[in-house]
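Me: Got a model open here and want to go through the packing. Can you take my questions as they come?

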Amino acid sequence: MIQYDIDGSQTLIKEAKRKKPKKTQSQKVQERETEEKKSDTVYMTIEKNVTLKPHGIVTHTMFTKPNAQQSEKSRENIKPNEGEFNGYMSQATSRYVKRIVENWLTAIELNCSLDCAGRDDVFVTFVTLTLPSKQVHHDNLIKNECLDPFLEWVKATEIKKGWNVKCYLWRAESQKNGNLHFHLIVDRWIDHEAIRKRWNQLINRLGYVDMYRMTQNYIYKEGFVLREEQLEKQIENLQYVFQGALKDAKYIPDTKYKDCPLVKDFMNGLLHQHFSDKVFDRKKVQYDIIGGKVKKVEGFGLDYDSAKMLAYRMQVNAYEKGVSEGWKNPNTSDIHKLNNINSISAYITKYVSKSDIKTPRLADNQKLIDGYIYTLKEGGSWDNNNDWLDETKYIVEFESRKVQGRIWGKSRNLSDGENGKQISAPSFTTELKVLYTTDRFERNITQFRDNEIVSEYVENVKKQVPEKEQKRLAKMIDSEFCEVVPLGDYQQITDHSTKKKKKVFRPKKQIDYLEKLSQPIKEAYQSHYQNLYLRLYAD
């Protein structure tokens, strides 16, 4: 407060301190409870989640602290690619594409029939698009001038002479000859002849069909010539296809070898003899085609001479067909037959999500850690850094040449939602521990919840999956906080190249295990994919 003295000068008078009002009993109780809440803060949350993927079970444990700063290593993982994998599919991108494809296709498998009823029905078509002659243009130019118009064509409505495709995903990669080719998944049935015709029209904008025609006219200027460089590849492919049909106990479909029906009829005749024989492991009677006649030979599988004769007939038929068409309709598209495949999602995923990175060949006592290869000394332990020897910088190697520009793409409705991971597998929290720190008592207080149904299901599945495969994956992951259980079993096949028998691990569907082991989880699993399907195709 300012006042004036007798001389008229200003003077400052200190105000008396006001006494604080006394607190009531209720106010004192309220303040005490507030202080107790501050001291009983969350110290850590430990959450154990189980994700039921279409062909595996992933269990991972997360430790979360409130307001914890993200580590520098974690921040490095979300930085944009600085160039090492530009033009190649990295392992992280491969996992992302795999998640999108396998969950999208599983939603279709569980909610749709594999038999196509009409052009507006959801139906999975998987096609490979190639170039018929040596690539001479930039990858981006081929994508802009050929792939993009092709995608617009399949997305167009029937009125605009399209196929009304709603969801699609494509992957670009280079072949061994250096040419660019595309794997494309769409959700509508498309006639294979229409695909080839349209694709040939588009790539001929850049002259690839014309170059093919000139090459074929030069090669066959004096009539038919057996192309030895193709013969061995065709023989190997025929034996591979036959071995696959033998393994799956199914005949070669009518859509296979349409340009040479003799091949399909020959192999189906051989398969019929095999399937009708009650003794599976004894030597089978085979056929060979010589001058239209059939003779019996001994052996198992498709023998080399028979495959060579079929490959010869394929080249003759291709020559006759090419001449009749003036070499204007090369075989640049291949539609994969999916009706006879046990799991469409597993079959397609291996094509479109394959990483371009070569897997390093490591000895039993070697590990790749943070970009370096280490060798464990004899009798040492990986838990002790002093036992790590021979630190060698690992240089990333790739399976094929670099693809210029984008290496994959998808329709907008296959993008993740605002909260992320919209296209994902169902996940269940099996254990949840919340640790509270209490200063007054100087000890931790824990709240605990668990989900016994899911935990029991996981343990029952483990008993049905080969332990050897579980240990193999555990060694690869090498983490006590993450566990992967692959769904499947070993099958014995005969290698078509070596003719030797070997065991391979074949994946099985999650829904098959749920059918046998847990009806409640099966209903939740189906409900998850039904909701995903409705989000994609509600309109």
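Me: Leaving aside neighbours within four places in sequence, which residues is Ile-348 in contact with?

Reply: This is a predicted model, where local features need pLDDT of at least 70 and side-chain atom pairs count only at pLDDT 80 or more, while totals for chains, interfaces and linings use all residues. Residues are numbered from 1 along each chain as its sequence is written, and side-chain values use heavy atoms, with hydrogens and water left out. With those neighbours set aside, Ile-348 is in contact with Val-101, Leu-105, Val-124, Phe-126, Ile-185 and Leu-338; contact means heavy atoms within 4.5 Å.

Me: And which residues have the most contacts inside the largest nonpolar core?

Reply: Trp-104, Ile-185 and Ile-348, in a core of 74 residues. A nonpolar core is a set of buried Ala, Val, Leu, Ile, Met, Phe, Trp, Tyr and Cys residues joined through side-chain atoms within 4.5 Å. Buried is under 20% relative accessible area, exposed over 50%, partly exposed in between (1.4 Å probe, protein chains only). Another core, of 20 residues, lies apart from it and includes Phe-242 and Val-263.

Me: Switching to S6, how many of its residues are buried?

Reply: 7 of 7, over residues 168-174. Strands are DSSP runs of E, at least two residues, and helices runs of H or I, at least four, numbered from the N terminus.

Me: What does S6 pair with over 7 bridges?

Reply: Strand S7 (residues 180-186), in the antiparallel sense. Pairing needs at least two DSSP bridges between the strands. Ala-172 has Phe-182 as its bridge partner in S7. S6 also pairs with S14 (residues 408-410), antiparallel, over 3 bridges.
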